[in-house]
Amino acid sequence: MARTIATDCAADCEVGELASATEAAEHLVAGCLTDGPVGRVGLEVEAHCYDVADPFRRPGWEELASTIAALPPLPGGSVVTVEPGGAVELSGPPTADPVAAISAMASDRAALRASFAHAGLGLVLLGADPVRPAARVNPGARYHAMEHFFRASQTGAAGAAMMTSTASVQVNVEAGPRAAWADRVRLAHALGPTMIAIAANSPVLGGSFTGWRSTRQRVWSQLDSARCGPILGESGDDPASDWARYALRAPVMLVHNPDPTPVTQWVPFADWADGRVLLDGRRPTTADLDYHLTTLFPPVRTRGFLEVRYLDSVPDQIWPAVVFTLATLLDDPAASDIAAEATESVATAWDRAAQVGLRDRRLHSAAYRCVQAAAERAPAELEESMGTLARSVEQGRSPGDDFADRAVRYGIAGAVTQLARGEI
C-alpha cells in the first residue's frame with residue numbers, strides 16, 4: 001500500500017506549449033467529467049493533530065513523519081498525507097458504494113488513531129482548529145509559494161487559516177451518465193448550503209468563538225471567489241464548459257521553474273495561454289494547465305468525478321451518516337428528486353448556512369427532509385450513526401453545537417484535550 005507524506009506536486013515533463021486559450025478550453029472540456037454509471041464513492045477525512053499533553057503545541061514535521069512511518073498497513077487501503085498545518089488526512093480508494101467506502105475509512109481511522117495515541121498524539125475531527133494560531137509545519141515548496149501568493153493578493157490571513165487551520169470530510173462521487181451531468185452538478189451545488197448547515201462543526205478558531213457555525217466555510221469565503229467560488233454558470237446546462245470558463249478566468253497562482261514560484265500579479269490563465277502575458281518567459285504547457293487546476297478550490301470540483309469539498313470535518317459518531325446522506329442524495333434517483341425540491345429555496349445560501357446553520361428555518365426544513373430521505377435508505381450497519389444525525393437535525397443542532405457546549409463547560413483547550421484523548 002502506498003503511504004506518503006505530501007510535500008509538493010511536481011508538474012509533468014510535458015514540453016509542448018498551448019497555442020491558445022481555446023486549445024486549453026478543449027483540453028478542460030474533454031477531461032473534466034467521465035461518462036459512466038453512478039455508485040462508486042471515495043472519501044478523504046482530515047483531522048487536526050494535537051499533543052494530548054499540550055493542545056497548544058503543534059507537532060512538528062519530523063514528529064509527524066516518524067509517526068506515519070511507523071504505521072502498520074491500513075486495512076482499508078487509505079493513503080496518509082499531512083496538510084500544511086500538520087492536519088493528517090486519510091484518502092481512501094474508490095469503492096463500490098458509500099457503505100463500503102465508510103467501512104474502509106472507519107477501519108483506517110481506528111488504526112490511525114491507535115498508532116497516533118501510542119505516540120502521544122490525538123486526531124480531532126473539527127472543521128477549524130479551536131486553539132492554535134495559523135502556522136505551517138509541512139516544508140513543501142508548494143505551500144511556501146502559496147503563502148507568498150496569498151500575502152501578495154491581500155488574503156494572507158485567510159490563506160494561512162485555510163491552509164493550516166481548517167479540515168474537512170471530502171466525498172468523491174462519479175460524474176454519472178453524460179445526459180445527467182447538468183442536473184447532477186447543479187444538485188451537488190444546490191445541496192451545498194444545506195449540507196454545510198448539517199455538518200457545521202467549527203464555531204471556534206484560534207481561541208475565540210467566531211459567531212459562525214462553520215468558520216471553515218467563512219474562511220474559504222474570504223478567499224478569491226475566482227478560485228474558491230462555485231463553478232456553475234448562469235444556467236448550469238453545460239458543466240464542462242462552465243468548468244473550462246472558470247479555470248481559464250482564474251488567476252495563475254504558481255508556476256514551476258522547476259520549483260513552484262508564486263505569481264504576484266493578476267494573470268488569468270487565459271491571458272497566459274493566449275500569450276498576452278508570459279510567465280517564466282514562456283507560454284503554458286498542458287502540464288501547466290493541469291497543475292493550475294490543483295490550485296483551484298471550488299466547493300464542487302470536476303476531476304472526471306465530482307469532488308465535493310464543502311463539508312466540515314465531523315466526529316466519528318456522525319461522519320458516516322453525513323457521507324451516506326450526501327452520496328445517497330446524489331446517487332439515488334428518488335432521493336435526488338426529494339433533495340432538489342427540498343433545497344430549491346436555499347440553493348445559494350452559502351453564507352447564511354455557514355453563519356447560522358440549522359437555526360435558519362428554511363435550511364432546517366431542507367436538512368430535515370434530506371436526512372429523512374437518506375435515513376429511509378440506510379442499511380442496518382449505519383442505523384446508529386443515521387439515528388444520531390437525524391435526531392440532531394430534528395433538534396436544529398449541528399455537531400459544532402456539541403463542541404461549543406463542551407468548550408463552555410471545560411474551556412476551549414480542555415474540550416480539545418478531551419477529544420484528542422478520545423473522550424466522547
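Colleague: Where is the place of Pro258?
Modeller: In this predicted model, a cis peptide bond joins Asn257 and Pro258, with omega at about -5°. As for its place in the chain, Pro258 is in the loop between strand 8 and strand 9 (260-262).

Colleague: Which elements give two or more residues to the lining of the second largest cavity?
Modeller: The second largest cavity has a volume of about 30 Å³, and its lining divides into six nonpolar residues, two polar and one charged. Val252, Leu254, Val255, His256, Phe269, Trp272, Asp288, Tyr291 and His292 form that lining. The elements that give two or more of the lining residues are strand 8 (254-256), helix 10 (269-273) and helix 11 (286-293).

Colleague: Which helix gives the most to the lining of the largest cavity?
Modeller: A search of the whole structure finds two cavities of 30 Å³ or more, and the largest cavity has a volume of about 40 Å³. Its lining is made by Leu43, Gly76, Ser78, Gly92, Pro93, Thr95, Ala101, Ala104, Met105 and Asp108, which by class are five nonpolar, four polar and one charged. With four residues, the element that gives the most to this lining is helix 3.

Colleague: Are helix 3 and helix 12 roughly parallel or roughly antiparallel to each other?
Modeller: The axes of helix 3 and helix 12 (residues 319-331) come within 10 Å, and they cross at roughly 155°. An angle over 145 degrees counts as roughly antiparallel, and therefore the relation of helix 3 to helix 12 is roughly antiparallel.

Colleague: How many nonpolar residues are in the contact of helix 3 with helix 12?
Modeller: On the side of helix 3 the contact holds Pro98, Val99, Ile102, Met105, Ala106 and Arg109, and these meet Trp319, Pro320, Val323, Phe324 and Ala327 in helix 12. By class, the contact has one charged residue and no polar ones, and the number of nonpolar residues is ten.

Colleague: Which residues are the closest to the centre of the second largest pocket?
Modeller: About 690 Å³ of space lies in the second largest pocket. Helix 3 (98-118), strand 4 (121-124), helix 16 (383-394), helix 17 (399-410) and helix 18 (412-420) each supply at least two residues of its lining, and by class the lining has 16 nonpolar, seven polar and eight charged residues. Of the 31 residues that line this second largest pocket, the closest to its centre are Pro315, Asp316, Gln317, Leu419 and Ile424.

Colleague: What is the relation of helix 17 to helix 18, oblique or roughly antiparallel?
Modeller: The axes of helix 17 and helix 18 come within 6 Å and cross at roughly 120°. Because angles of 65 to 115 degrees count as roughly perpendicular and those over 145 as roughly antiparallel, the relation of helix 17 to helix 18 is oblique.

Colleague: How many charged residues are in the contact of helix 17 with helix 18?
Modeller: In this contact Phe403, Arg406, Ala407 and Tyr410 of helix 17 meet Ile412, Gly414, Ala415, Val416, Gln418 and Leu419 of helix 18. By class, the contact has seven nonpolar residues and two polar ones, and the number of charged residues is one.

Colleague: Which residue other than glycine has a positive phi near 65°?
Modeller: The residue is found in the loop between helix 4 (141-152) and helix 5 (156-165). Its phi is near 65°, a positive value in a residue other than glycine, and the name is Gln154.

Definitions and conventions: Residues numbered from 1 in each chain as written. Predicted model: local features only at pLDDT ≥ 70, side-chain atom pairs only at ≥ 80, totals over all residues. Heavy atoms only, no water. 1 Å grid on protein atoms, 1.4 Å probe; cavity = no way out; pocket = protein on both sides within 12 Å on 5 of 7 lines; lining within 4 Å. Points joined across faces, edges and corners; volume = space filled by probe spheres on them. Nonpolar A, V, L, I, M, F, W, Y, C, P; charged D, E, K, R; others polar. Axes fitted to C-alpha atoms, helices over the stretch in contact; angles between N-to-C directions. Parallel < 35°, antiparallel > 145°, perpendicular 65-115°, else oblique. Contact = heavy atoms within 4.5 Å.
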